[in-house]
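Hi,

Here's the structure I'm handing over to you. Have a look at it first, and my notes on what turned up follow below.

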Amino acid sequence: MYELTDECSMERSIQAMKSALIELILDQGYDQVTLSDIVRKAGIHPDTFREHFADKDALLEQVTSDFLNSLGYALIRPYVRSRSLHAKQMAAEALRIFRHIYEHRQVFQALLAAPANLYQRLYSRIRSHQSTTIRLLSDQPEEIDDDLMISYTITTALGLVMEWARQGFKATAADMVRQLNELVGSRLGKPVCRP
């Protein structure tokens, strides 16, 4: 029982540090956040911080990795038994991305304000996922390379995500998928997916 209590206490401390960093970044910007700010906001001792993280950059990396890993899990979860995705299912894929970002919007906005290289890392994570799980159907025009289509769709989706964040997430995730569909579909001359 003692070990479980220690493990739970450790996990609460780590979560408190992550939450503190996110709040502090949103309040004052990453460069202004100090280790003292983090431990004070998290309600922990500085030694507890040092047991887990070398510095605030290491904590930021953990927050970023957690965000990207949870996005990866949200994307792969529906395909545990089936390792393919048809073009008609692209709306569901996009909806999972938009929903995940909306559900974690504070973390997302904090990471955008920090030196986390978030855009490139999001692109790489989604691209990696789609490269291993997407099988585009033959209803795409032959002159469009599948890899270019994936890249175009991801870049368009991330552009929309960045603007959505800039606007304070006013639209719903489903509305953003509709916008993505219209933008991509208009470039191809027809819709590629239906939300």
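**Rings in the core**

Let's start with phenylalanine 108, which is buried, with a relative accessible area of 0% (buried means under 20%, exposed over 50% and partly exposed in between, with a 1.4 Å probe and protein chains only). Before you read on: this is a predicted model, where local features need pLDDT of at least 70 and side-chain atom pairs count only at pLDDT 80 or more, while totals for chains, interfaces and linings use all residues. Residues are numbered from 1 along each chain as its sequence is written, and side-chain values use heavy atoms, with hydrogens and water left out.

So, how many aromatic pairs does a search of the whole structure find? The search gives seven (ring centres of Phe, Tyr and the six-membered ring of Trp within 6.5 Å; planes under 30 degrees apart are stacked, over 60 edge-to-face, the rest tilted). In one of them, the centres of the phenylalanine 67 and phenylalanine 108 rings are 6.1 Å apart and their planes are at 45°, so that pair is tilted. Phenylalanine 67 belongs to helix α4 (residues 56-76) and phenylalanine 108 to helix α6 (residues 105-112), so the pair ties together parts 41 residues apart in sequence. Phenylalanine 67 is buried too, at a relative accessible area of 3%.

Next, phenylalanine 98 and tryptophan 164: their ring centres are 5.5 Å apart with planes at 70°, so this pair is edge-to-face. It ties together parts 66 residues apart in sequence, because phenylalanine 98 lies in helix α5 (residues 90-103) and tryptophan 164 in helix α8 (residues 146-166). Both phenylalanine 98 and tryptophan 164 are buried.

Phe67, Phe98, Tyr102, Phe108, Trp164 and Phe169 form one aromatic cluster. Tyr102 also has arginine 105 lying over its face, at 4.0 Å from the ring centre (NZ of Lys or CZ of Arg within 6 Å of the ring centre and within 35 degrees of the ring normal). Elsewhere, the charged end of lysine 56 sits over the ring of tyrosine 30, 4.2 Å from its centre.

As for the whole chain, there are nine helices and zero strands (DSSP runs numbered from the N terminus: H or I of at least four residues for helices, E of at least two for strands). Of the 195 residues, 42% are buried. Among contacts (heavy atoms within 4.5 Å) between residues at least 6 apart in sequence, 70% join residues at least 24 apart.

Cheers
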